[in-house]
Amino acid sequence: MAQQNELSAAWNMFRLMRRIHISPAYLLVPVVLSLAAAACEGVSVGLLIPLLQGFLTKDFSFVQQAPVLGPVIRYLSTYTGVADKSLFGLLLGIFVGAVVLKNLLRFAAFTGMDYVAMRSLHHLRKTLFARYLSFGKLFFDRTPIGRHSITITDFANGSLRPVFAMDKYVNLLFSIISYLVIMSMISWKLTLFALPLFAILHFCVQLFIDRIRRYSRALSEKATALNKKVIEILSTIPLVKASNTEDSEQRHFGIISDERARLEFRSNNLQHLVPPLQELITLIAVLILFSGMLYLMVHEQTVTAPAFIVYFYLVLNAASKFGTFTGLRTALAVSVGPLEEVLRVFDDADKNLIPDGTRPFTGLKRCIEFRDLRFSYAPGKEVLRGVSFTVPHGSVTAIVGSTGAGKSTLINLLLRFYDCPSGSLFVDDIDVREYRTADLRRHMALVSQETLLLHESLRSNIAYGLPDATDEQIMEAARRARLADFIRGLPKGLDTLIGDRGVQLSGGEKQRVSIARALLKGAEILILDEATSALDSTTEQLIQEAIDDAIRDRTAIVIAHRLSTIRNADHIVVIEEGRVIEQGTLEELIGLKGAFHRFWEQQKFA
């Protein structure tokens, strides 16, 4: 089961690489280089036996009769004219050359693997970010931003951790294989006797791998919770300070941080316990092998003293390398949690993806029509219940109703932030789902009650999404939004940074920046969602004049809490509890003495 988990983690990792367009074939060159480096290492280690034997006997002539090395030496002697007495120099030269080439190849393999690993991480971060941008608004409504932030940064790196160390493990694997080949050539009996050592190491390490894997998943959960808490609290600092909850939030943060620290401590302890355990088992096994080698030397005389020394060296190095190689399994176990979080992003389930249409949209010709529109955020709880009304081209349609009636949901469906049921929302008698989403949004401009601003300059915020806008066009939009005098009064003008979410601006100034952005876009369909709710009476009057100018000869949908802002609407739709209960002109609705009349009376003297 444990092996299946590790194989599954490895398979998921390579599947992830293919998803980000990094073919596992890119690993082929570093792997081949590692194989060549291991072969050179095998040659250098194998040469130790004749070097030691010739040095002890002061005679290297036996080398020319050696099974594998002999033909090579005779071939080289033919071209270099090396005499028997100079064979030591030739062997030493081959030995040094093999060691130098091994290190050059290993460096090239490490460099190649590091390049693949860094490119993989780079592509993964870009792909994750693009993936998040493709999700529907409803997905972000239901999930914490902190989770997404840590996925793109920490979890992306953790999921590919084995790739970063792959060069080391590939080299170790090939080195172990070359060591086993040489050990078998020295004494296949001893090698068969030594193999249980590696089996013992495997089973001992396995006891820790399972626990490390569990800690990895738990750590991912705690890291998400910690990041969520940081973003949540730092983004609501005014609330925290006004409520005097600094101490309680600090305690809450401390609890989560302590839990994460304990998990990291235990996981790190397990990882640190593996090497000394491997060394202890290796020591015991080597002592047993040492006894067996002495037996073969004394009683069977099948192993020479130089071979004994080299074999002893190989056993120690092979055991050490095998112990290090098991680190790959540890790395795979540690990456399980982050890898699962990253792969969850690529799963379409619960991502509220908005299907894109294929029909181009070049502009509104006739009308926008809602036909018996029904919508639910969750199964069994309808937010909109059979909404039907029409927004003619060039008209101003106002939507009014109490909080939670479903007004903003209508706008989110029209903008394709949420996916509406087929056959319920039409633009020029064509289902809105058939249009290209980008085309629709290009012809719409939104000014919402929740002002969305970036920690950038005023210029960047007003011209967001309009990279070709000139300063003259930006200032004209600002003038129409009654923001020009404010900008001219700033030391840096349009280059002034407005802070995180526009914290350096007042509520009215934020709203005017948003209105200027919509005016600069010049879209033919203007959507105003409580656009004047954050303004004082004087500013509201100025902005209303700007809005009246902006919606002239355009199609406008206005969601209004203050009914005084919709006096000039061509059509008014009243929504309550997700249903259209009244619609008509201002005079008609007041004359009905119904819900709109009650709203009007309540705000008459406001």
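The structure is a predicted model, in which local features need pLDDT of at least 70 and side-chain atom pairs count only at pLDDT 80 or more, while totals for chains, interfaces and linings use all residues. Residues are numbered from 1 along each chain as its sequence is written, and side-chain values use heavy atoms, with hydrogens and water left out.

A pair of aromatic rings is described by the distance of the centres and the angle of the planes. Rings of Phe, Tyr and Trp (for Trp, its six-membered ring) are taken to pair if their centres lie within 6.5 Å, and planes under 30 degrees apart count as stacked, over 60 as edge-to-face and the rest as tilted. By this rule the count comes to 12 aromatic pairs. One of them joins Y132 and F140 in a tilted arrangement, with 6.5 Å from centre to centre and 45° between the planes. Relative accessible area separates buried residues (under 20%) from exposed ones (over 50%), with partly exposed in between, for a 1.4 Å probe and protein chains only. Y132 counts as buried because its relative accessibility is 7%, whereas F140, at 29%, counts as partly exposed.

The rings of Y377 and Y418 have centres 5.4 Å apart and planes at 90°, so this pair is edge-to-face. The pair links distant parts of the chain, 41 residues apart, with Y377 in strand β1 (residues 367-378) and Y418 in the loop between α15 (407-414) and β4 (425-427); helices (H or I, at least four residues) and strands (E, at least two) are DSSP runs, numbered from the N terminus. Y377 is partly exposed at 26% relative accessibility, and Y418 is buried at 4%.

Y132, F135, F139 and F140 form one aromatic cluster. Elsewhere, R371 lies over the face of F426, at 3.8 Å from the ring centre, where a charge sits over a ring if NZ of Lys or CZ of Arg is within 6 Å of the ring centre and within 35 degrees of the ring normal.

V100 is found in helix α5 (residues 87-134) and is partly exposed, with a relative accessible area of 45%. In contrast, S159, which belongs to helix α7 (residues 145-159), is buried, with a relative accessible area of 0%. The side chain of S159 reaches the backbone oxygen of A156 at 2.8 Å.

How values were computed: A polar contact is a pair of N or O atoms within 3.5 Å; within protein, one must be able to donate a hydrogen and the other to accept it, and residues adjacent in sequence count only if both atoms are side-chain atoms.
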